[in-house]
Amino acid sequence: MAQLLQVDASPRRSRSHTRTLVREFVDRWSEGRPGDTVIRRDLGHEPPPHLTEDWIAAAFTTPGQRTSQMREALAYSDHLVDELFASDVLVLGVPMYNFGVPAMLKAYIDHIVRVGRTFSFDPEAAAPYTPLTSGKRAFVIVGTGDAGYEVGGPLASSNHVEPYLRTALGFIGIDEVEFVYTGNDEFGGERLQRSLEFARNRVADLTAEREAVAVAG
Ligand SMILES: Cc1cc2nc3c(=O)[nH]c(=O)nc-3n(C[C@H](O)[C@H](O)[C@H](O)COP(=O)(O)O)c2cc1C
C-alpha cells in the first residue's frame, strides 16, 4: 500500500486545468491500486500563511530548546512535513503565474523545506546539506496560458516552475520528478483542446506505470 499526497495550487475550481488533470491522475492511479490512500492538500483554497520572524527563530532553534510558543509557531509546518513523510507519491497541480509557481505553492515549499526535518545542515561537513527524505516520487502537472515551456520548447528559458521545483524537491531528497504540461489556456479552442488531450495521454501513460513504482507494499 502506498499513500498519495495530492496538492492543488490553483485557486480556480472547475475552470482549472491542473485540478482536472490531477484528479484524473489520482483516479487512474487509484483504479489500479485500490488499496492506496490519498491525502488532499488544497493550497489554492487554503493558502499556507507566509513565514514570520517567530517562525524563523523557532525553526533555527534546536528542538530541545524551543519554548511552547516556538513549538506553536511551527505546528502547521510540522503538520505539513508529517503529511509529506507519510506519503510515497506526490501529485502536484501547478498553474504557472508570471513564469514561476503561485505564491501559495511557494509558501508551502517554505514550510516543508525545513532544517532539521527535511534536510540537515552541518557547516563542518564536506557536503553541508543532506536531504532527509527518501524513496518518494513526484508528478507535477503544470498549467500555462501560452505553450512551449517544456525542455527544448521555444519558451523553455522563461520557465521558472520546473527548475525551481526540481531544485527545491531535490534538496530534500525527491529527485524522481515527472513533469506534465498543459498549455494554451489563453488561446482556447482547438489549441487548448489539443494541449489538454496531450496532457491527458501523458497522465494515462504515467499512471499505467504505477504498478512498477517502487513504493512500500
Ligand atoms: C496571475 C496569473 C499569471 C499568469 N502568468 C502566466 C505566465 O507567466 N505564463 C503563462 O503561460 N500563463 C500564465 N498565466 C495563465 C495560467 O498559467 C493558465 O491560465 C493556467 O491554465 C492556470 O492553471 P489552472 O487552469 O489550473 O488554473 C497566468 C494566469 C494568472 C491568473
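Let's start with the largest pocket, which is lined by 17 residues, with Met96, Gly143, Thr144, Gly145 and Asp185 nearest its centre. Here a pocket is an open set of points on a 1 Å grid over the protein atoms alone, with protein on both sides within 12 Å along at least five of seven lines, and lining residues have an atom within 4 Å of a point. This is a predicted model, where local features need pLDDT of at least 70, side-chain atom pairs count only at pLDDT 80 or more, and totals for linings use all residues. Residues are numbered from 1 along each chain, and side-chain values use heavy atoms, without hydrogens and water.

What takes the space of the largest pocket? The ligand does (more than half of its atoms lie within 2 Å of the grid points). Around the ligand stand 18 residues, and Ser10, Arg12, Ser16, Thr18 and Asp185 are the closest (each has a heavy atom within 4 Å).

Now look at the polar contacts, pairs of N or O atoms within 3.5 Å. Ser10 places a polar side-chain atom 2.7 Å from a ligand oxygen, and a side-chain N or O atom of Arg12 is 2.7 Å from an oxygen of the ligand. Asp146 uses its backbone instead: an N or O atom there lies 2.9 Å from a ligand oxygen. The protein covers 78% of the 630 Å² of accessible area that the ligand has on its own (Shrake-Rupley method, 1.4 Å probe).

Notes. A polar contact is a pair of N or O atoms within 3.5 Å; within protein, one must be able to donate a hydrogen and the other to accept it, and residues adjacent in sequence count only if both atoms are side-chain atoms. On a 1 Å grid over the protein atoms alone, a cavity is a set of points where a 1.4 Å probe fits but cannot get out, and a pocket is an open set with protein on both sides within 12 Å along at least five of seven lines; lining residues have an atom within 4 Å of a point.
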